[in-house]
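User: I am new to this structure and would like to understand how its features come to be called what they are called. Could you take me through them step by step?

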Amino acid sequence: MNAVVAAVAIMLALSLCRIHVVVALIIGAVSGGLIAGLSLEATIEAFNNGLGGGATVALSYATLGAFAVAIGKSGLAHALADKALALVGRQDEGSAGKGVRFMIIGLLLATAISSQNVLPIHIAFIPLVVPPLLYVMARLNMDRRLVACVLTFGLITPYMFLPVGFGGIYLNEILLAKVGANGVDAAGLNVMKAMALPALGMLCGLLIAVFFSYRNGRSYNLETITKAERVDARYSPRTLVMALVAIVTAFVVQLWLGSMILGALAGFVLFNLSGVVRWKEADDLFTEGMKMLAMIGFIMIAASGFAEVMRETGEIASLVDSSVAAIGENKAMAALLMLVVGLLITMGIGSSFSTIPIIAALYVPLALQLGFSPLAIVALVGTAGALGDAGSPASDSTLGPTAGLNADGQHNHIWDTVVPTFLHYNLPLLAFGWVAAMVL
């Protein structure tokens, strides 16, 4: 068996068996290296060499966690939750706040989409906004799997369709650049036209999740949520204003210096200087915040090590080559196998942005040989890269929603985030991406 396929399969199987994702990634990486013929020492060395690639992201999330706790101290997120709870309380049981339910869904969706372009903070908003809303969601019997799907849609679809913010990086700086570097004349190509059908597949998955899969709701233990989140958050107009100023400051610093770490630190320091966070509390709050997002950081570090072992095996190319041998001149089968291989790679690495450089050099010459148009090649490579971002245990597009929804320990990362997002997004994306490759 191909070492990459085996490693990803082992990692996913262990994750589904509720083995911690970090452990599953390490075992999967070591297994893949050994299956590929690498010695144990060479496998461990490759894994260790790759760990540094996730260090910056891990530190960014740690400081964002501290910033999130400081915002929680200001009471801003709890003020929002109290307003929503008041709306629920004013409605009769029959209408059970259908309007409030859709208002929350719309708010989270708009915030997630904006986090990719208008204010490119990615998952940083989730630990700020979601935990204080858990009590309101539970009162409305909202299924957190639905919320996970909504957040993941907002984190992925904008960058794979809109060429601004993170989408500008993914579509222009990575996708078009790598496709052009491997033999396709990318000048003048409309990347939005190429990715429109795949994005429509994501939208179909979202609508299915909202109106069919999770419309009946789910019950959660209100007492557990109360202990975890309904703390006595004291807030006043002053603390709320200072929270807004700190958030704006963090965004400006991040955009100015291009560093989430410095942006979050600037916001945290401002909370200290304003007195919202007392100096004697600052150390404990910072440590508490780092703990909140520490899991994401460690998973991202382990995923970087996993990705480096997969590259070191050299079997990504052989995986594509073996697929080519099964294709012959069948364009339909070629498109399907290329998408499936992209899904496997991204599921293991956990990053669409890292997958494109790996597969473009292999896919583009093959697609040209089979007669795919330039637009179809862009759609094929772009979709193959995005496939697996939803539904990967190591992707921040699934880790972020879990970090917010599991604040009270009632939301499982694998079964309540990974599996639902895999089913609702990867399957439609696979189908619509294949159609795009065939019709463009």
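Analyst: A salt bridge here is a side-chain nitrogen of Lys or Arg within 4 Å of a carboxyl oxygen of Asp or Glu. The model is a predicted one, in which local features need pLDDT of at least 70 and side-chain atom pairs count only at pLDDT 80 or more, while totals for chains, interfaces and linings use all residues. Residues are numbered from 1 along each chain as its sequence is written, and side-chain values use heavy atoms, with hydrogens and water left out.

User: What makes the contact between Asp408 and Arg144 a salt bridge?

Analyst: The side chains of Asp408 and Arg144 meet at 2.8 Å, N to O, and the definition asks for a nitrogen and a carboxyl oxygen within 4 Å, so the pair qualifies. Asp408 lies in the loop between α20 (396-405) and α21 (413-439) and Arg144 in helix α8, so the pair ties together parts that are 264 residues apart in sequence. Helices (H or I, at least four residues) and strands (E, at least two) are DSSP runs, numbered from the N terminus.

User: Why is Arg144 called buried?

Analyst: Buried means under 20% relative accessible area, exposed over 50%, and partly exposed in between, with a 1.4 Å probe and protein chains only. Arg144 counts as buried because its relative accessibility is 1%, and Asp408 counts as buried because its value is 9%.

User: How many salt bridges does the rule give, and which residues are joined into one network?

Analyst: The count comes to four salt bridges. One of them is formed by Arg218 and Asp416, whose side chains meet at 3.3 Å, N to O. That pair links distant parts of the chain, with Arg218 in the loop between α10 and α11 and Asp416 in helix α21, 198 residues apart. Salt bridges that share partners join Asp143, Arg145, Arg218 and Asp416 into one network, and within it the closest N and O atoms of Asp143 and Arg145 are 2.7 Å apart.

User: What makes the nonpolar surface patch a patch?

Analyst: Patches are made of residues with over 30% relative accessible area and no salt bridge, where like charges are joined within 9 Å and nonpolar side chains (Val, Leu, Ile, Met, Phe, Trp, Tyr) within 5 Å. The patch of about 640 Å² is made by Phe102, Leu200, Leu203, Leu207, Ile208, Phe211 and Phe212, and six residues, its largest share, come from helix α10 (residues 191-213). Phe212, which is in helix α10, has a relative accessible area of 57% and is therefore exposed.

User: Which residues have the most contacts inside the largest nonpolar core?

Analyst: A nonpolar core is a set of buried Ala, Val, Leu, Ile, Met, Phe, Trp, Tyr and Cys residues joined through side-chain atoms within 4.5 Å. The largest has 131 residues, and those with the most contacts inside it are Leu25, Leu108, Met160, Phe271, Phe372 and Val381. Helix α8 (residues 144-161) gives the most to this core, with 11 residues.

Note on methods
Accessible areas come from the Shrake-Rupley method with a 1.4 Å probe; for residues, only the protein chains shown count as cover.
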